[in-house]
Amino acid sequence: MKRAFQTLLTYIGNVAKNPNEEKFRKIRVTNPSFQERVGALKGGIEFLELCGFEKMEGGEFLFLSRDKVDMAVLNSAGSELDSAIKNPFFGIL
């Protein structure tokens, strides 16, 4: 779970720091690393969709178009992930 949250934080952080870079706004959901870390986690893809990512090209990619980058949403999502990761009870309950 922690690894999934850290991976999601990386995706969100990369977009927030580089909103004009398409490579950070496009995620191949069929990528084995993505599947292992995020795709297999219940709610992982949905979390990215809440951040503005949309499925495209037959569901092979999640893409966040530049005009849909909402820094407030990304910052809030990043803060929540960071807080969960740093919580001393993370994964215990």
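In which strand does Met56 lie? Met56 is part of strand β2, where helices (H or I, at least four residues) and strands (E, at least two) are DSSP runs, numbered from the N terminus. The structure is a predicted model, in which local features need pLDDT of at least 70, side-chain atom pairs count only at pLDDT 80 or more, and totals for chains, interfaces and linings use all residues. Residues are numbered from 1 along each chain as its sequence is written, and side-chain values use heavy atoms, with hydrogens and water left out.

Met56 has a relative accessible area of 25% and is therefore partly exposed; buried means under 20% relative accessible area, exposed over 50%, and partly exposed in between (1.4 Å probe, protein chains only). Leaving aside neighbours within four places in sequence, Met56 is in contact with Phe61 and Phe63, contact meaning heavy atoms within 4.5 Å. From Met56 to Phe34 the C-alpha separation is 16 Å, across 22 residues of sequence.

Helix α1 has 16 residues and reaches 22 Å from its first C-alpha to its last, close to the 22 Å expected at 1.5 Å a residue. The expected span of a helix is 1.5 Å times one less than its number of residues. Buried residues in α1 are Ala4, Phe5, Thr7, Leu8, Ile12, Gly13, Val15 and Ala16, and the buried residues of this helix pack against α2, α3 and α4. Thr7 has a relative accessibility of 11% and so counts as buried. Beyond its neighbours within four places in sequence, Thr7 is in contact with Arg37 and Val38.

Tyr11 is also placed in helix α1. With a relative accessible area of 21%, Tyr11 is partly exposed. Not counting residues up to four places away in sequence, Tyr11 touches Ile27, Phe34, Val38 and Leu48. The C-alpha atoms of Tyr11 and Glu21, ten residues apart along the chain, are separated by 12 Å.

The structure holds one aromatic pair. Its members are Tyr11 and Phe34, whose ring centres are 6.0 Å apart and whose planes stand at 55°, so the pair is tilted. Rings of Phe, Tyr and Trp (its six-membered ring) pair if their centres lie within 6.5 Å; planes under 30 degrees apart count as stacked, over 60 as edge-to-face and the rest as tilted. Because Tyr11 lies in helix α1 and Phe34 in helix α2, the pair ties together parts that are 23 residues apart in sequence. Phe34, at 1% relative accessibility, counts as buried.

The largest nonpolar core has 21 residues, and those with the most contacts inside it are Phe34, Leu48, Phe53, Leu62 and Leu74. Such a core is a set of buried Ala, Val, Leu, Ile, Met, Phe, Trp, Tyr and Cys residues joined through side-chain atoms within 4.5 Å. Two or more residues of this core come from each of α1, α2 (32–39), α3 and α4.

Phe53 is located in the loop between α3 and β2 (54–56). Its relative accessibility is 2%, so Phe53 counts as buried. Apart from neighbours within four places in sequence, Phe53 is in contact with Val15, Phe24, Arg25, Ile27, Leu48, Leu62, Phe63 and Leu64. Between Phe53 and Met71, 18 residues apart in sequence, the C-alpha to C-alpha distance is 13 Å.

Helix α4 (residues 71–86) has 16 residues, and its first and last C-alpha atoms are 22 Å apart, close to the 22 Å expected at 1.5 Å a residue. Leu74, Ala77, Gly78, Leu81, Ala84 and Ile85 are the buried residues of α4. Seen down the axis of α4, these residues fall within an arc of 130°, so they line one face of the helix; the arc is that of the directions from the helix axis to the C-beta atoms. An α-helix has 3.6 residues a turn, so residues three or four places apart point the same way. The exposed residues Ala72, Glu80 and Lys86 are carried on the face of α4 turned away from its buried side.

The buried residues of α4 pack against α1 (2–17) and α3 (44–50). Leu74 is in contact with Ile12, Val15, Ala16, Cys51 and Val69, leaving aside its neighbours within four places in sequence. At the start of α4, a side-chain oxygen of Asp70 reaches to within 3.0 Å of the backbone nitrogen of Ala72.

Notes. Polar contact = N/O pair within 3.5 Å; in protein donor to acceptor, adjacent residues only side chain to side chain.
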